Amino acid sequence: MPDILRTGLSGLLAFQRALDTTSHNIANANTPGYSRQRVEFATRPAFPAGNGFIGAGVEVSTVRRLTSEYLVQQARTSGTDLSELDTLAARAEQLSNLLGDSSSGLSAAIQRFTNATRELAAQPTSEAARAAMLGEAASMIDRLKSFDRRIEDLDRSSGVTINADVNEINTLARSIATLNSKIVSSGAQAGQPPNDLLDERDRKLDELAKHIAISTVVQDGNSVSVFIANGQPLVLNTSVNEMVVTADNFDPSRSRLSMGATDVDITDFVEGGSLGGMLEFQQGMLDDVRTELGRVAFTITQSVNSVQQRGLDLDGNLGQSLFNISSARALSGSANAGTASVTVDRVDIGQLEASDFRLEFDGSSWSLRRWPDGTTTPLTGSGTAADPLLGAGLSMLVSGAPVAGDQFLVRPYDGVISQLGVGLSSGRQLAAASALRADSGPGNSGAATAGVPSVTDPANPALLTDVAIAFIDGTSYSINGSGSFAYTPGQPIQVNGWTLEINGAPIAGDSFTVRRNAGAVGDNSNAALMASSIDEPVLNGGRISAVGAIDSFVSRLASDTRRYQAAHDAQQLLFDEDMGARDAVSGVNLDEEAANMLRMQQAYQAAAQVIRVADTLFESLLAATRR
């Protein structure tokens, strides 16, 4: 039955809880992730009287946690995107600074070697120019290797970071599962939501979202389940399905990610956060840089070698390779059941792509796909020595017995830079002069003149053998006095691994002798070809040179870096706005709490006064009964 004492006492207790809650808010004003709380009051059930219902006072129905799930999720998603962009922007800037520096970057290293090659063409007899070119070749290799080592360092550090992220994700997942258990238990015992535990769980979810994109589903009892990567469960109520780091099928130094309970590979589905950003950097930008750097290094060195082998050095010897270049590689999949192995050769620079490839056997035929985008590349041949597999500028020879499902990762440029070296010991071995020359016969009376013979096959054993060409008439000629070969004006004559263009119209009796270019130490024609070969458009089907590819590649890298940085700055503003919107609802305002404190203090004092009145009335009643 209601009375003034009980009514006053209910108010006293209720306002005491409100003061406790307000002081709790003030104490946690600077606690990260804390959501302010508010006591919700409700009237006690009234008691019926003959003349109506008499109120019985007040009670605390609940302590409400002031938060907006929508704003919390929005801020969490913004944090995920910001963390990913922060990783990408920082790593992209490292690569851009490494390769794009005007004095120590990739273009500068190639340009110094190109300049030394041109200096040799200008001074083919200069021992100093030859030594300088050989030195710049070694310097270019050293610089390329330093780039390659730095990229390897970034790759390793990325792998360490990926492992650390996965460990942290698993730790947070276990914490969330433990909090789920506490929240369900506490809520069941008290019949009210455990606000501080809910805040702690939200903080863990926010931290988790910085590492990987997540989605959450609230279950009965305020338990939450967490899903990642294409809907894979990470936390289901109080159980955890931990992420596992495994070695890549082809490259053990690379990591793959799977879910422990299901062993499902989720690497390609992981998005967002520092883990998603690091995977995107490692498997996207970093691999692209390594591949493009290897392609450029191979193109330049192979082009120079090709010209060097077609000329004569200062001692009159046929040129040897200036650069030692390694072969391409094919990595066998760890799950392969067959005994096959694959040998890869680069056969067409113009068709070589800045990509790795996946070579797969279906039991009857082979297919070639760019990796990692999976685009199919045309492939011919059966893989035998007589009929090798040909595709993307590569020749692949299969030995052993493959079985259906066998796979190989073909890396056209793997090890190109790390195994690159200078193959000459002296500048005198630089082949600045043409290997052959064509002399006109003394009795020539026609208008025909011969150009410089162009070597097409330096390995031909008869390359340097003298060849006499005598025109029988304007449309036929003999070789060393034998045969009659048809001559078409404008078409080169091909013999012994060289070709010769005749300018003008020859007549009967005109002759030319192609011989070794002996004694021509001042000849610079091959050195000029060597210098121009670096600028020759041979890549992408003859549309771009190695130097052009470098410029395009470095510019694209700088552009990507600026794009990531701009996106990061924009995302930072969005994240700050989302956090501000969340804090406007959940954050503690000390001025507001001070006002609440004063208001509740006055209400508490008023309730105490009610109790004092009840005491006075009770004392008056007792005094009246004692008389």
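This is a predicted model: local features need pLDDT of at least 70, side-chain atom pairs count only at pLDDT 80 or more; totals for chains, interfaces and linings use all residues.
Strands of a sheet pair through backbone hydrogen bonds, in either a parallel or an antiparallel sense. In the five-stranded sheet of this model, the pairing is antiparallel, and the 5 strands are arranged in the order 23-32-26-27-28. The sheet is open, with strand 23 (436–440) and strand 28 (482–486) at its edges, each pairing on one side only. From one strand to the next, the twist averages 25 degrees.

On one side, 5 bridges join strand 32 to strand 23 in the antiparallel sense, and Ser440 stands opposite Phe512 of strand 32. Two residue pairings can be named here: Ala470 stands opposite Ser511 in strand 32, and Val467 has Val514 of strand 32 as its bridge partner.

The structure holds 9 aromatic pairs. A pair of aromatic rings is described by the distance of the centres and the angle of the planes. For Tyr477 and Phe485, the ring centres are 5.7 Å apart and the planes stand at 35 degrees, so the pair is classed as tilted. The two residues can also be described by their accessibility: Tyr477 counts as buried, at 9% relative accessibility, whereas Phe485 counts as partly exposed, at 38%. Both residues belong to a cluster in which ring pairs link Phe471, Tyr477, Phe485, Tyr487 and Phe512. Phe512, a member of this cluster, is also the residue of strand 32 that stands opposite Ser440.

A further open sheet is formed by 3 strands in the order 14-19-18, again with antiparallel pairing. Strand 14 (341–346) and strand 18 (389–391) stand at the edges with a single partner strand each, so one side of each has no neighbour in the sheet. The twist in this sheet averages 25 degrees from one strand to the next. The pairing of strand 14 with strand 19 (residues 394–399) is antiparallel and extends over 6 bridges. Within these strands, Asp345 stands opposite Ser395 of strand 19.

Charged side chains also meet aromatic rings in the model. The charged end of Arg346 sits over the ring of Phe298, at 4.4 Å from the ring centre. Arg346 is the residue at which the range of strand 14 (341–346) ends. In another such contact, the charged end of Arg358 is placed over the ring of Trp371, 3.5 Å from its centre.

The helical part of this description concerns helix 4 (residues 127–190) and helix 5 (residues 195–211), which pack at an angle of about 160 degrees with their axes 9 Å apart. This angle makes helix 4 roughly antiparallel to helix 5. The crossing of helix 4 past helix 5 is left-handed. Thr161 is found in helix 4 and counts as partly exposed, at 26% relative accessibility. The C-alpha atom of Thr161 is separated by 8.0 Å from that of Leu275, although the two residues are 114 residues apart along the chain.

Definitions and conventions: Residues are numbered from 1 along each chain as its sequence is written. Side-chain values use heavy atoms; hydrogens and water are left out. Two strands pair if DSSP finds at least two bridges between them. Helices (H or I, at least four residues) and strands (E, at least two) are DSSP runs, numbered from the N terminus. Axes are lines fitted to C-alpha atoms, for helices over the stretch in contact, and angles run from 0 to 180 degrees between N-to-C directions. Rings of Phe, Tyr and Trp (its six-membered ring) pair if their centres lie within 6.5 Å; planes under 30 degrees apart count as stacked, over 60 as edge-to-face and the rest as tilted. Buried means under 20% relative accessible area, exposed over 50%, partly exposed in between (1.4 Å probe, protein chains only). A charge sits over a ring if NZ of Lys or CZ of Arg is within 6 Å of the ring centre and within 35 degrees of the ring normal. Angles under 35 degrees count as roughly parallel, over 145 as roughly antiparallel, 65 to 115 as roughly perpendicular and the rest as oblique. A crossing is left-handed if the near helix is turned anticlockwise from the far one by less than a right angle, and right-handed if clockwise.
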